[in-house]
Every structure is written in structure tokens, then in C-alpha cells.
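Subject: Structure handover

Hello,

Here is the structure we talked about. Please have a look at it before you read my notes below.

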Protein chains: 2
Amino acid sequence: MSAPAGRRGRRPGSSADTRLAILESARASFAERGYAGTTIRAVAGAAGVDAALVHHYFGSKDDLFLAALALPVDPRVVLAPALEGGIDGAAERFLRVFLSVWDDPEMQLPLLGLVRSVLDPGGVELLRSGFVPIILLPIGQALRIDHPEHRMPLLASQVIGLIMTRYVIRLEPIASMTADDVVATFAPTLQRYLAGDLPIEGD
Amino acid sequence: MSAPAGRRGRRPGSSADTRLAILESARASFAERGYAGTTIRAVAGAAGVDAALVHHYFGSKDDLFLAALALPVDPRVVLAPALEGGIDGAAERFLRVFLSVWDDPEMQLPLLGLVRSVLDPGGVELLRSGFVPIILLPIGQALRIDHPEHRMPLLASQVIGLIMTRYVIRLEPIASMTADDVVATFAPTLQRYLAGDLPIEGD
């Protein structure tokens with residue numbers, strides 16, 4: 001908003017530098033102004049490049065947000081198969097995909113870095129204003145549940161607790177549970193949050 | 001273990017300094033060696049004081065651990081009433097106490113500091129090797145549930161997720177839910193972890 005979009009003077013030399021400058025500008029903007037308050041135009045302006053170049057490198061604002069999060073996988077892609085088949089068994093299918101990513105040692109390291117950065121003030125804002133509309137709500141909408149804006153954060157509360165105990169704190173027995181036991185233990189909780197009887201305002 | 005317990009040379013001048021030196025020594029030892037690997041004698045030695053003085057100021061090793069965590073309340077004291085009355089409704093009674101502490105603005109700040117420090121490597125060790133045996137397992141034992149060492153970490157996973165979403169990330173609708181709605185939403189989850197049918201090894 002404040003930075004002029006057309007300023008091109010300090011555009012970096014290589015395309016890798018340009019990508020990095022855009023990503024840094026995007027992270028700063030998402031952290032300071034949230035997802036809704038961030039525009040491609042302002043990100044481009046702060047990075048000293050054209051808005052068209054941001055679109056060229058990163059696609060839509062959603063794509064730029066996911067790139068700024070530096071996730072090792074695109075949750076929209078890996079979760080797509082779990083979202084087919086309707087609400088019956090949806091929690092179990094979701095958990096199977098979740099575990100296939102998080103139990104993979106190569107995925108865990110970048111994901112744990114993300115978890116740690118979330119506790120920074122900017123990281124919390126990024127999660128609240130971006131993660132929810134970009135990743136969480138679309139899952140609920142794809143499952144066609146009622147009140148996704150109420151139910152998906154409940155699902156997130158147990159999934160975050162599972163991430164903290166299984167991968168961050170490594171609390172036994174959760175840290176060493178088989179995938180089958182994780183599913184048998186947590187899927188009923190998640191399924192109730194997705195489709196069970198809950199106190200929901202306005203209902 | 002390595003520091004001689006009898007060294008008294010650099011014992012600080014005031015009792016406030018002495019308490020602080022003992023606390024710092026205790027925090028370092030719990031973080032490095034865990035709860036089980038920490039002895040009052042070694043903490044005293046590293047602080048340059050007598051073991052008897054540590055007992056005098058802080059009581060037992062459990063008490064010293066809780067003092068090192070710097071909790072604004074002693075969970076053993078505030079939770080005691082919730083543990084009476086047996087397993088029926090135990091999750092709801094637990095949640096009511098939990099919310100009375102965490103929803104109190106004066107309690108929240110020191111508790112949030114604790115949450116942030118838990119993500120440090122030493123904090124994770126402190127939580128895993130101390131929080132579980134000192135705070136979590138005694139709750140399960142007081143409730144006389146079967147397999148407290150399996151069930152209480154499951155309860156912790158949802159409580160940690162509730163802390164993260166309601167107080168750290170402040171994710172709606174969880175952040176603004178009334179206490180009654182928090183109880184109606186999460187007590188069934190916790191009650192199942194405490195007493196429901198779960199895959200438990202050796203059962």
C-alpha cells in the first residue's frame with residue numbers, strides 16, 4: 001500500500017535473488033498485516049519488482065502464502081484424496097494422510113521449524129489469518145460439513161495437540177504409537193468435531 | 001554429581017540471592033539431566049550451598065521442580081477438589097478448574113511464558129521427564145483410572161491443543177467460547193481418554 005508498485009531500481013540481479021526478495025517481502029507483510037491485509041501489489045513494491053513478476057514466480061496470493069510458509073508439501077494436494085468419499089470416515093482418512101507426511105523423517109524437520117516459528121508473534125498472526133482461510137476452511141468445505149468455520153478449528157485443536165505431543169515433546173506413549181493406534185485413538189475425537197453434536201452458536 | 005556438595009565458598013550474601021542461585025542451578029540441572037537425573041545434592045553443590053538449605057527453602061524435589069517451572073499456581077493444590085468424586089464427570093471438573101486458572105488474565109501471562117519456554121530443547125526435556133511424573137500421572141492416580149501412564153498423555157494432547165488455540169494462537173471460535181461451551185465441546189473428548197475404550201498395549 002505504502003510502497004510504490006512501479007519502483008524497479010533495486011531489482012536484484014539473479015532470478016533466485018528476486019524470488020528470495022519477494023518471499024521475504026511476503027513473509028514480512030503476512031506477519032505484519034495478516035493474510036487479508038496483504039496485497040500482491042504491496043509485496044511486489046516492497047521487493048522492488050513488478051506485481052506481474054510475483055504472479056509469474058508464485059501464482060495466486062494463496063500460492064504465495066503457502067510459499068511463504070515454506071511447507072515441505074502442499075496440503076491442498078496431499079489432502080485432496082482424503083476429502084473424497086464424504087463425511088463418513090473422513091477423520092480417519094485425514095489422519096492417515098497427516099501421519100504419512102508427519103511420520104516421514106524428511107518432512108518432519110521443516111515442519112518442526114514451522115511449528116517453532118509459529119510461537120513468534122508474527123507467526124501466530126500468519127497462522128490465524130492465513131492458515132485458517134487457506135488450508136483449514138477449504139478442507140471443511142470440501143467435506144461439505146455444516147459450520148466449517150466452527151468445526152475445523154476444533155479439529156485443529158486436537159491435531160495441534162497431537163503434533164506437540166508426538167513430534168515436539170515426544171511424549172510417550174503417543175510418540176511411539178503405531179499409525180493404526182493413533183487413528184483408533186484420535187479419529188473418533190476428530191470425527192465428532194467434524195460431524196458430531198456440538199454447542200454451535202446460532203444453531 | 002560432579003560438583004562437590006560441601007563447597008560453601010561462594011554462597012551468596014542475601015537469602016534472596018541464595019534462593020535465586022538454587023533455582024537457576026535447579027533449572028539447569030532439570031533441563032540437562034531431566035527430572036530423574038537431578039539430585040538435590042547436585043543442585044546444592046552447583047549453587048554452592050548445603051543440600052539442607054535447598055530442602056529448607058524449597059521442600060522436596062517435586063516442590064523444587066514446581067518452583068523451577070515458576071507456575072503461578074501449584075497444580076496439585078488447585079486440582080485437588082476436581083479429583084474428588086471419582087471418574088464420573090471427572091473431565092468436566094478438570095476443565096472447570098483448568099479454565100478458572102487459564103481464563104484469569106493475571107495467570108495467563110506467566111503461563112504463556114512457560115508455554116513459549118517449553119519449545120526450547122531444555123524445556124521439552126523438563127516437560128517430558130518432570131511434568132508428566134509430577135503433575136500428570138498423579139492426577140490419573142488420584143482418579144484411580146486404569147493405565148494412567150497411557151491415558152493421561154492423551155488428555156494432555158487435547159489440553160495442549162486447547163491451550164495453543166484458545167490462548168496462544170487465539171483461534172476463533174475457540175478463543176471467545178464461553179467456559180460452558182468449552183466444557184460441552186472438550187469434556188467428552190477428555191472423558192473418553194480418561195475412561196473410554198482405547199487401544200492400549202498389553203490390554
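Start with the two domains of chain A. Their centres, taken over C-alpha atoms, are 26 Å apart for domain 1 and domain 2 of chain A. The assignment puts domain 1 at 15-69 and domain 2 at 75-195 of chain A. Those bounds come from an automatic or database domain assignment.

First, the conventions. This is a predicted model, in which local features need pLDDT of at least 70, side-chain atom pairs count only at pLDDT 80 or more, and totals for chains, interfaces and linings use all residues. Residues are numbered from 1 along each chain as its sequence is written, while chains are lettered from A and ligands numbered from 1 in the order in which they are written.

**Between the domains**

Nine residues of domain 1 of chain A are in contact with eight residues of domain 2 of chain A. Contact is a matter of C-beta atoms, placed from the backbone, lying within 7 Å. On the domain 1 side, the elements giving two or more residues are helix H1 (15-33) and helix H4 (61-69) of chain A. H4(A) gives the largest share, four residues. By class, this side of domain 1 of chain A has seven nonpolar, one polar and one charged residues. The classes work like this: Ala, Val, Leu, Ile, Met, Phe, Trp, Tyr, Cys and Pro are nonpolar, Asp, Glu, Lys and Arg are charged, and the others, Gly among them, are polar.

**Chain A overall**

Chain A has 11 helices and zero strands. Both kinds of element are DSSP runs numbered from the N terminus: helices are H or I with at least four residues, strands are E with at least two. The C-alpha atoms of chain A fill a box of roughly 60 × 40 × 30 Å along the principal axes. Of the 203 residues in chain A, 36% are buried. Buried means 20 or more other C-beta atoms within 10 Å of the residue's own; 12 or fewer means exposed, and in between is partly exposed, with C-beta atoms placed from the backbone. Among contacts in chain A with a separation of 6 or more, 67% join residues 24 or more positions apart.

**Helix H2 of chain A**

Which residues of H2(A) are buried? They are Ile40(A), Val43(A), Ala44(A), Gly45(A), Ala46(A) and Ala47(A). That is six of the eight residues in this helix (residues 40-47), which is mostly covered. The cover includes H1, helix H3 (51-58) and H4 of chain A. After H2(A) comes Gly48(A), with a positive phi near 75 degrees.

H2(A) packs on H3(A) at an angle of about 105 degrees, and their axes are 8 Å apart. H2(A) is therefore roughly perpendicular to H3(A). Axes are lines fitted to C-alpha atoms, for helices over the stretch in contact, and angles run from 0 to 180 degrees between N-to-C directions. Under 35 degrees counts as roughly parallel, over 145 as roughly antiparallel, 65 to 115 as roughly perpendicular, and the rest as oblique. From H2(A), Ile40(A), Arg41(A), Val43(A) and Ala44(A) meet Ala51(A), Leu53(A), Val54(A) and His55(A) of H3(A). By class, that contact has six nonpolar, one polar and one charged residues.

**The two chains together**

A rotation of 180 degrees, with 0.0 Å of shift along its axis, superposes chain B on chain A at an RMSD of 0.0 Å. The copies are thus related as by a two-fold rotation axis. In chain B, the C-alpha nearest the axis belongs to Gly161(B), 2.0 Å from it. The superposition is by least squares on C-alpha atoms of residues with pLDDT of at least 70 in both copies.

At the interface, 30 residues of chain B are in contact with 30 residues of chain A. Helix H9 (121-142), helix H10 (148-168) and helix H11 (179-195) of chain B each give two or more residues to the chain B side. H10(B) gives the largest share, 12 residues. By class, the chain B side has 18 nonpolar, seven polar and five charged residues.

H10(B) is largely enclosed by the rest of the structure, because 17 of its 21 residues are buried. Just after H10(B), Arg170(B) takes a positive phi of about 50 degrees.

**One residue to look up**

Ala82(B) lies in helix H6 (residues 80-83) of chain B. Ala82(B) counts as buried because it has 21 C-beta neighbours inside 10 Å. Beyond its neighbours within four places in sequence, Ala82(B) is in contact with Arg93(B), Phe94(B) and Val97(B).

Best wishes

Conventions
Contact = placed C-beta atoms within 7 Å.
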